[in-house]
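Please keep the model in view while reading.

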Amino acid sequence: MLKKIFLSLAFVLASAGAFAQDAAAPLNDARIAHIAYTAGQIDISAANLALEKSEDAQVLAFAELMARDHAAVNEEALALLNRLDVAPQENDTSAALSSQAREREEQLAALAGREFDIAYVENEVTFHKTVNDALQNLLIPNAQNADLKALLETGLSLFREHQLHAEHLLHEMN
Amino acid sequence: MSRFSRRAFLATVASGALARPSFSNAAGRYLVIDIDKMKFGVSHIELKAGDTVRWRNKDLVRHTATARDGSFDIDLPRGEEGSIYLVTPGKMEVYCRFHPGMIMTLSIVE
Ligand SMILES: [Cu+2]
């Protein structure tokens, strides 16, 4: 079931490619920033859930890292948008991301113990992979402002580390 | 720039490093390595026993400079710096505990 959710998430992100061509809602910097920021908030929210529910030291350490790193990047993103005087613009992709994430969190919240830990870390692997693919193939190539592009690139390096970390953790848990 | 520090600077450049020695004295050089954009500013650096290396975290997120052999572990919250005085010759890998893909090596000669 979780796999299905992530397939649809991947679809949502992939379909953003289509609306990038849409003249009515082009994938401009304000929308790109909103998508990236939303993805960060989703991961922080999942991390907070894990910090509440997990009792596994490694899972807790990982969740703490996610909360801290994503908060730092998002804080920087807001500061940058402020400097550029650009307001992040809500869009179909970020709205879909949020609603998918709410659904996923409800399912995670219903789990407990080791079952929760594994589902959380599996989600982290898939979520980072999906977001990293979107950053690489969609958000970074379409970003116009050089500082925004640079921040997304640093984000991508960071989130690739997170993905590896999550994969490693999952491997150790299984 | 004194002749001594110029020599230290050239030695650093010759090693292919971007680290900047901010000063040097008879006791050893003092080299600064900046961390930014998820990378150590140098991937490899050659040092002499008695040199001091200082890591400065200019990046968005917290990092560490941690010796693979466990000999030091410097926590580097955003904007912070920390140094290590190197005395034991040898080659050593340094990584970030939070982002283990961040790796650099130090070669310390006598
Ligand atoms: Cu790090």
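## Packing of two helices

The axis of a helix is a line fitted to its C-alpha atoms over the stretch in contact, and the angle between two axes, taken between N-to-C directions, runs from 0 to 180 degrees. Two packed helices are described by this angle and by the distance between the axes. The model discussed here is predicted.

In chain A, helix α2 (residues 29–53) packs against helix α4 (residues 92–109) at an angle of about 10 degrees, and their axes lie 9 Å apart. Angles under 35 degrees count as roughly parallel, and α2(A) and α4(A) are therefore roughly parallel to each other.

Residues that α2(A) brings to the contact include A:I35, A:I42 and A:L49. Among those that α4(A) supplies are A:L97, A:A101 and A:L108. By class, the residues of this contact comprise eight nonpolar, six polar and three charged.

## Interface of the two chains

The size of an interface is often given as the accessible area lost when the parts come together. Chain B and chain A bury about 1,100 Å² between them, and 61% of that area is on carbon and sulfur atoms. Chain A gives 14 residues to the contact, and chain B gives twelve residues.

## Polar and charged links

Which side chains meet in a salt bridge? Those of A:E76 and B:R78 do, at 2.9 Å from N to O. The count between chain B and chain A is one salt bridge. Three residue pairs are in polar contact across the interface of these chains. The side of chain B that touches chain A holds six nonpolar, two polar and four charged residues.

How values were computed:
Residues are numbered from 1 along each chain as its sequence is written. Chains are lettered from A and ligands numbered from 1 in the order in which they are written. This is a predicted model: local features need pLDDT of at least 70, side-chain atom pairs count only at pLDDT 80 or more; totals for chains, interfaces and linings use all residues. Side-chain values use heavy atoms; hydrogens and water are left out. Contact means heavy atoms within 4.5 Å. Buried area is the accessible area (1.4 Å probe) that two parts lose on being put together, summed over both. A salt bridge is a side-chain nitrogen of Lys or Arg within 4 Å of a carboxyl oxygen of Asp or Glu. A polar contact is a pair of N or O atoms within 3.5 Å; within protein, one must be able to donate a hydrogen and the other to accept it, and residues adjacent in sequence count only if both atoms are side-chain atoms. Ala, Val, Leu, Ile, Met, Phe, Trp, Tyr, Cys and Pro count as nonpolar, Asp, Glu, Lys and Arg as charged, and the others, Gly among them, as polar. Helices (H or I, at least four residues) and strands (E, at least two) are DSSP runs, numbered from the N terminus. Angles under 35 degrees count as roughly parallel, over 145 as roughly antiparallel, 65 to 115 as roughly perpendicular and the rest as oblique.
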